[in-house]
Amino acid sequence: MSDPFVVVGADAAGLSAASKFRREAPDREVLVFEKGRWISYAYCGMPYFIEGRIERLSNLLSLSPSDVDERGIDLRRGHEVVGVDPDEKTVAVETADGDAFKQSYGDLLVATGGRASTGPFDVRGVDGAFTLHNMDAAAAIDAYVAEPDAYDPNRADVSAVDRERVERNAAMPAPETAAIVGGGYVGVEMAEALSGRDLDVHLFQRSDHLLPPFGEAVGERVAAELVERGVTVHTGSPVDRLVGDDRIEAVGFDGEVFPVDMAVVGVGIEPNTELLDGTGVELGEGGAILTDEHGRTSLPDVYAAGDCATARHAVTGEPAWMPLGLTANRAGRAIGATVAGDPSPVGDIAGTAVVKAFDMEAGRVGLVEEEAARDAGFDPVRETVTAGSRSGYYPGAAPTDVTLVADRDSGRLLGGSIVGPDRAAVRIDTLATALEADMTVPEVERLDLAYAPPFSPVWDPILVAAKVLNGTLDAE
């Protein structure tokens, strides 16, 4: 038997690759190393667990270790790969028990994901200060915000959970005021989640609007929704410090100190690439591992996928780093097929993403900000329109803002965003499809989108936006 297909990381990309490989190459060994206890969990569902919409932590698990074993995959939890020797084709492994050994590979997939960036803030050892990028953090936050005599320990019903951390946080006095540092996905979703747990929530954003990748129109409407629901939004207010030695006491911003008894830091994500230090591997945007259309790195027989790897951007054609769930699952599956002998492209990415804040939904895709479009070599033209989500006479119709960006010379659609309270987010998939097809704005305007009063007006908001932008392009 040839050396095994070795996978580092047992979440979306890693287990997708291992599962696909096992089905396509049943006679070849596949070995998955995971440094922690958790595998295959729904990171995006954690804010909704904390809010209480999801009853049990186990509801966020996709695969259990026994499920993986039934697939014929050799999964080894508590095994951290700390180095790679591409010449010997081995990985150095350290176990939770203190053992160390080398494992040879025929092909290697690095699917180590990312970690929460804390910027200048150190939340370690400070009670009430958290990041949210793993299941133990979700369980700890859920316990911390509960009244000590009301916490249900069965909510953290998975054996892998850090039980000591959960119990410690459950025993603390419940917080009343929370600061969320960062107005991106995590910040917006956690503002809703903590409001749902009856906290006084303050959201601090460095820039002048929330959700910067979605554009100003989205940021303004999301902020308005949060404020209407009782969240205090501080835009243009970068937090510069967390105050408190043993437990969080306040956050500092703009020369002021604002008292809080909980803080969630969500200022970004960093790719986990340290195991490839010293190998000479090429890195790309954000320090992520540079890969080609099949997920190959610059090292022979070494692949990378998920939040630690780049992929080709559907609009620019250049490598880009956009850590999102579908990107990881899709790339892992493709790499599993490639290693098994069926070369499969991982697919282009466009940063298609959606988020909700209470009843407000938003989506974005492609190049939304004009500066990003100019940096990519385009001459951008942008228009934002407001249109009804359904026929005006039908109950539930609501204003929907659509922003479209196009290239002035070619008329090609470059990106867009959508925001509104009535099924706005799902409409972004139409724009994502248009980007993949390299459609021009006139072609988008001519799309035969469905119409019926309960679902859309005769002219869907996307068609209205395309019509307006096309007019602008013609006028120029």
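Trainee: How many disulfides does the count come to?

Mentor: This is a predicted model. A disulfide requires a pair of cysteine sulfur atoms within 2.5 Å. The sulfur of C44 lies 16 Å from the closest cysteine sulfur, that of C308, which is too far for a bond. Under this rule the number of disulfides is zero.

Trainee: Is C308 buried or exposed?

Mentor: C308 takes part in no disulfide, and the nearest cysteine sulfur, in C44, is 16 Å away. Buried means under 20% relative accessible area. The relative accessible area of C308 is 0%, so this residue is buried.

Trainee: And is C44 buried or exposed?

Mentor: A residue counts as exposed over 50% relative accessible area. C44 has a value of 57%, and therefore C44 is exposed.

Trainee: Where is Y393 placed?

Mentor: With a relative accessible area of 62%, Y393 is exposed. Y393 belongs to a nonpolar surface patch with Y394, Y451, V458 and W459, and together they have about 560 Å² of accessible area. Its place in the chain is the loop between β23 (380-388) and β24 (399-407).

Trainee: Which helix gives the most to the lining of the largest cavity?

Mentor: The whole structure holds one cavity of 30 Å³ or more, and the largest cavity contains about 90 Å³ of space. It is lined by 14 residues, of which T310, A311, T327, A331 and V346 are the closest to its centre. The element that gives the most to this lining, with three residues, is helix α8 (residues 325-339).

Terms used. Residues are numbered from 1 along each chain as its sequence is written. This is a predicted model: local features need pLDDT of at least 70, side-chain atom pairs count only at pLDDT 80 or more; totals for chains, interfaces and linings use all residues. Side-chain values use heavy atoms; hydrogens and water are left out. Buried means under 20% relative accessible area, exposed over 50%, partly exposed in between (1.4 Å probe, protein chains only). Patches are made of residues with over 30% relative accessible area and no salt bridge: like charges are joined within 9 Å, nonpolar side chains (Val, Leu, Ile, Met, Phe, Trp, Tyr) within 5 Å. Accessible areas come from the Shrake-Rupley method with a 1.4 Å probe; for residues, only the protein chains shown count as cover. A salt bridge is a side-chain nitrogen of Lys or Arg within 4 Å of a carboxyl oxygen of Asp or Glu. Helices (H or I, at least four residues) and strands (E, at least two) are DSSP runs, numbered from the N terminus. On a 1 Å grid over the protein atoms alone, a cavity is a set of points where a 1.4 Å probe fits but cannot get out, and a pocket is an open set with protein on both sides within 12 Å along at least five of seven lines; lining residues have an atom within 4 Å of a point. Grid points are joined across faces, edges and corners, and a volume is the space filled by probe spheres set on the points.
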